[in-house]
Each structure stands twice: as structure tokens, then as C-alpha cells.
Amino acid sequence: MRVIRTNVEGTTRLIHALGRPMRARGKGRILITSSIAAFSPAPYMALYNASKAFLHSFSFALREELKDSGVTVTCLLPGVTDTAIFRRSHTEDTKLATEPRMDAADVARQGFEAMMEGRDEVITGLGNKLTVARELIAPAERAAAATAKRTAPGSAADSAS
């Protein structure tokens, strides 16, 4: 429930509080941080990925609602990034946690630049763009099974052997 409160409720409340004054002024920029996880059903991380899918959908819906207001909405979609997320979510033993990570400052820079340009979204890194393309064409059942191999507890040890 903490994931839903933070990613869904927290983001929605913050944008509601800040978006109204932006719209009233006739200018502003909103950056919503989703994830490439938004495109993949993820066993063992179902709420996280679903919350990121909400944020992706929400950003495009809000962008459309605000299109003539002078307020832009940009969706940032990073992949695995060097943050404390795996430690905080107690998922350090997953294969996903052992994969190469993008630098958090570089991800933030790409998001900021896209927001300032008024772009609709930015997927950070070529590998992440390819992952999203693969997820968009794969049947959801196959995507969930493939993701489970990376997100299952203990999968880091399984992949090392």
C-alpha cells in the first residue's frame, strides 16, 4: 500500500496542488517519473510496475487535458538506475538488482532537458528503448513470465550458477 500511496496518490496530490496554479498562470512544466517497468507485468513487483503504468497513462491524459493551457507534462521513463530502490524494497537478491544501472544524475538530467523542451516522454538509454519496444510487441503472458525470472526472490543466485 505504501507503493500505491507514494507513486499514485502522492504524485496525483502533488500535481493537483501545483498544476492548478500553473494552469491559472498560463505556464508551467510538470515532470512525472514513471519507469520502463510501466510496460511490463512483473510478478513479485506487481504493485510497483502497475503504479508506474498508472503514472505513464496519467501523464499522457494530463498532457492532453492541459494542451492549450501553457502547461506541459513530460513523462520520464528510466530503467534500472543507481538508487537505493533495491535496498529499500528488500529486493537485492533479485537478478534485476544485479543488472547494470544508469547513473541517477544522468537520468535526472535527461528528464529535466526533456521537460524543458516540452517533450511528451523520454526513455533513458538505448537499451531501455529496446526493452520497451520488445515489451510492446510481446504477449503480456510471455512478458510476465520473462520478467518473473528477473524479479523472483533469490533469482540473483539462480543466475550466478
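Trainee: What makes the span of helix H7 (residues 140–151) close to the one expected at 1.5 Å a residue?

Mentor: This is a predicted model, and in it H7 has 12 residues, with 16 Å from its first C-alpha to its last. The expected span is 1.5 Å times one less than the number of residues, and for H7 that expectation is 16 Å, so the helix is close to it.

Trainee: Which residues of H7 are buried, and how do you know that they share a side?

Mentor: The buried residues are Ala143, Ala144, Thr147, Ala148 and Thr151. They cover an arc of only 140° around the axis, which puts them on the same side of H7. On the face turned away from that buried side, H7 carries the exposed residues Glu141, Arg142 and Lys149.

Trainee: What does the same reasoning give for helix H6 (residues 126–137)?

Mentor: The 12 residues of H6 should span 16 Å at 1.5 Å a residue, and since its end C-alpha atoms are 17 Å apart, the value agrees with the expectation. In H6, Asn128, Thr131, Val132 and Glu135 are buried. Seen down the axis, the buried residues of H6 fall within an arc of 100°, so they line one face of the helix. The face turned away from the buried side of H6 carries Leu126, Leu130 and Ile137, which are exposed.

Trainee: Why is the aromatic pair of Phe54 and Phe58 called stacked?

Mentor: A search of the whole structure finds 1 aromatic pair. In that pair, Phe54 and Phe58 lie 5.4 Å centre to centre, with 10° between the planes.

Trainee: Where do Phe54 and Phe58 sit, and is each buried or partly exposed?

Mentor: Both belong to helix H2 (residues 46–65), and because they are 4 residues apart there, about one helical turn separates them. Phe58 has a relative accessible area of 18%, and it is buried because buried means under 20%. Phe54 has 32% relative accessibility, which lies between that cut-off and the 50% above which a residue is exposed, and therefore it counts as partly exposed.

Trainee: What makes the link between Glu64 and Lys67 a polar contact?

Mentor: Their side chains are joined at 2.8 Å, and the distance criterion for a polar contact is within 3.5 Å. Glu64 lies in helix H2, and with a relative accessible area of 47% it is partly exposed.

Trainee: Which residue does the side chain of Thr91 contact, and is Thr91 buried or exposed?

Mentor: The side chain of Thr91 makes a polar contact of 2.7 Å with the side chain of Ser89. Thr91 is found in the loop between helix H3 (85–88) and helix H4 (95–98), and at 12% relative accessibility it counts as buried.

Trainee: How do you know that strand E2 (residues 71–77) is mostly covered?

Mentor: In E2, 7 of its 7 residues are buried. Val71, Val73, Cys75 and Leu77 point one way from E2, whereas Thr72, Thr74 and Leu76 point the other way, and all of these are buried.

Trainee: Which strands pair with E2, and over how many bridges?

Mentor: Strand E1 (residues 28–33) runs parallel to E2 and is joined to it by 6 bridges, with Thr33 opposite Leu76 and Ile32 opposite Cys75. Strand E3 (residues 121–123) also pairs with E2 in the parallel sense, over 3 bridges, and there Glu121 is the bridge partner of Cys75. Together, E1, H2 and E2 make a right-handed β-α-β unit.

Trainee: What is the phi value of Tyr44, and where is Tyr44 found?

Mentor: Phi of Tyr44 is near 75°, a positive value in a residue other than glycine. Tyr44 is found in the loop between E1 and H2, and its relative accessible area of 56% makes it exposed, because exposed means over 50%.

Definitions and conventions:
Residues numbered from 1 in each chain as written. Predicted model: local features only at pLDDT ≥ 70, side-chain atom pairs only at ≥ 80, totals over all residues. Heavy atoms only, no water. Phe/Tyr/Trp six-rings, centres within 6.5 Å; stacked < 30°, edge-to-face > 60°. Helix = DSSP H or I, 4+ residues; strand = E, 2+ residues; numbered from the N terminus. Buried < 20%, exposed > 50% of the residue type's maximum accessible area, 1.4 Å probe, protein only. Arc of directions from axis to C-beta. Polar contact = N/O pair within 3.5 Å; in protein donor to acceptor, adjacent residues only side chain to side chain. Pairing = 2+ DSSP bridges. Right-handed = clockwise from strand over helix to strand, strands pointing away.
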